[in-house]
Amino acid sequence: AYSGIHGIKEQSDAGGATTSSTYSCNTIKTIKCLSGQVNGILLDGGNSTNNLIERNLIYDLNGVTVTAINHSNSRSPFTDVIRNNMIALGNSVATSTTRGIRYESCSGTCNIYHTSVYLHGSSTTTYCMEKATAATACNVKNNIFYNNCNYAGTTYALYYSNTTGLTSDCNDLYVPKASAQTGYSPSTGYA
């Protein structure tokens, strides 16, 4: 359950599941919420099995917790694709979390390809790409992740709290601040 404001939200319901959903060519911008979460696109629950999120432009989202694309699909099995999206987030809320893409699903495969994420601003926790507790397959390839946030704490291009089923390859990572790190996998940060 994600309370807050969402540009697009797909949530499971009692009506049953669909075979696929496509979210393409949307512009999601200028959303601000100082309580709850802000998600540009949120897949929450198990409504469809083969989702496609592509060619979306997501920018200017502000709040306590901001995520451009939040993938939380629990429909089993699924094969979802997130590709060719442009994300630019400059969260102005100082004590906040900002994520370009978050993957936290529990069963299936998510392919994340050819997406550009640029983060800037004053958030205290920032990830261009986060694989949360999901222990399922996640392929992260050929993306550009640029984290230019000013905070000296948790600033990462890639943040993988779980590497089970993970393939991460051919991504361009840029974190210019001295305290930022290109990546994190369980218990290890990489400068």
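The legends below describe close-up views of a predicted model.

Residues are numbered from 1 along each chain as its sequence is written, and side-chain values use heavy atoms, with hydrogens and water left out. Local features need pLDDT of at least 70 and side-chain atom pairs count only at pLDDT 80 or more, whereas totals for chains, interfaces and linings use all residues.

**Figure 1. Overall fold and confidence of the predicted protein.** The secondary structure comes to 0 helices and 18 strands; helices (H or I, at least four residues) and strands (E, at least two) are DSSP runs, numbered from the N terminus. Of the 191 residues, 53% count as buried, where buried means under 20% relative accessible area, exposed over 50%, and partly exposed in between (1.4 Å probe, protein chains only). Among contacts between residues at least 6 apart in sequence, 82% join residues at least 24 apart; a contact means heavy atoms within 4.5 Å. The average pLDDT is 86, and 86% of the residues score at least 70; pLDDT is the predictor's confidence in each residue, from 0 to 100. Confidence is highest in strand β16 (residues 172-174), with a mean of 96, and lowest in strand β18 (residues 188-190), with a mean of 70. Where pLDDT is low, the predicted coordinates should not be read in detail.

**Figure 2. Strand β5 and its parallel partners β7 and β8.** Strand β5 covers residues 57-73. Because 13 of its 17 residues are buried, β5 is largely enclosed by the rest of the structure. Two strands pair if DSSP finds at least two bridges between them.

**Figure 3. Aspartate 60 and asparagine 70, two residues of β5.** Aspartate 60 is partly exposed, with a relative accessible area of 33%. The phi angle of aspartate 60 is near 60°, a positive value in a residue other than glycine. Asparagine 70 is buried, with a relative accessible area of 0%. The side chain of asparagine 70 makes a polar contact with the side chain of asparagine 39, at 3.2 Å. A polar contact is a pair of N or O atoms within 3.5 Å; within protein, one must be able to donate a hydrogen and the other to accept it, and residues adjacent in sequence count only if both atoms are side-chain atoms.

**Figure 4. The largest nonpolar core.** A nonpolar core is a set of buried Ala, Val, Leu, Ile, Met, Phe, Trp, Tyr and Cys residues joined through side-chain atoms within 4.5 Å. The largest one has 35 residues, of which Ile58, Leu61, Ile87, Ile101, Ile112, Met129 and Phe145 touch the most other members. Strand β3 (residues 27-45) gives the most to this core, with 6 residues. Leaving out residues up to four places away in sequence, isoleucine 101 touches Ile69, Ile82, Ile87, Ile112, Thr115, Val117, Cys128, Met129 and Glu130.

**Figure 5. Asparagine 111 in strand β9, and histidine 114 in the loop between β9 and β10.** Strand β9 spans residues 109-113. Asparagine 111 is buried, at a relative accessible area of 9%. Its side chain makes a polar contact of 2.6 Å with the side chain of asparagine 139. Beyond four places in sequence, asparagine 111 touches Thr79, Asp80, Val81, Ile82 and Asn139. Histidine 114 is partly exposed, at 43% relative accessibility. The phi angle of histidine 114 is near 50°, a positive value in a residue other than glycine.

**Figure 6. Alanine 132 in the loop between β11 (125-131) and β12 (137-141).** Alanine 132 is buried, with a relative accessible area of 3%. The C-alpha atoms of alanine 132 and glutamate 104 are separated by 5.0 Å, although these residues are 28 apart along the chain. Apart from neighbours within four places in sequence, alanine 132 is in contact with Arg102, Tyr103, Glu104, Ser161 and Asn162.

**Figure 7. A cluster of tyrosine rings.** Ring pairs link Tyr127, Tyr156, Tyr159 and Tyr184. The whole structure holds 7 aromatic pairs; rings of Phe, Tyr and Trp (its six-membered ring) pair if their centres lie within 6.5 Å.

How values were computed: Phe/Tyr/Trp six-rings, centres within 6.5 Å; stacked < 30°, edge-to-face > 60°.
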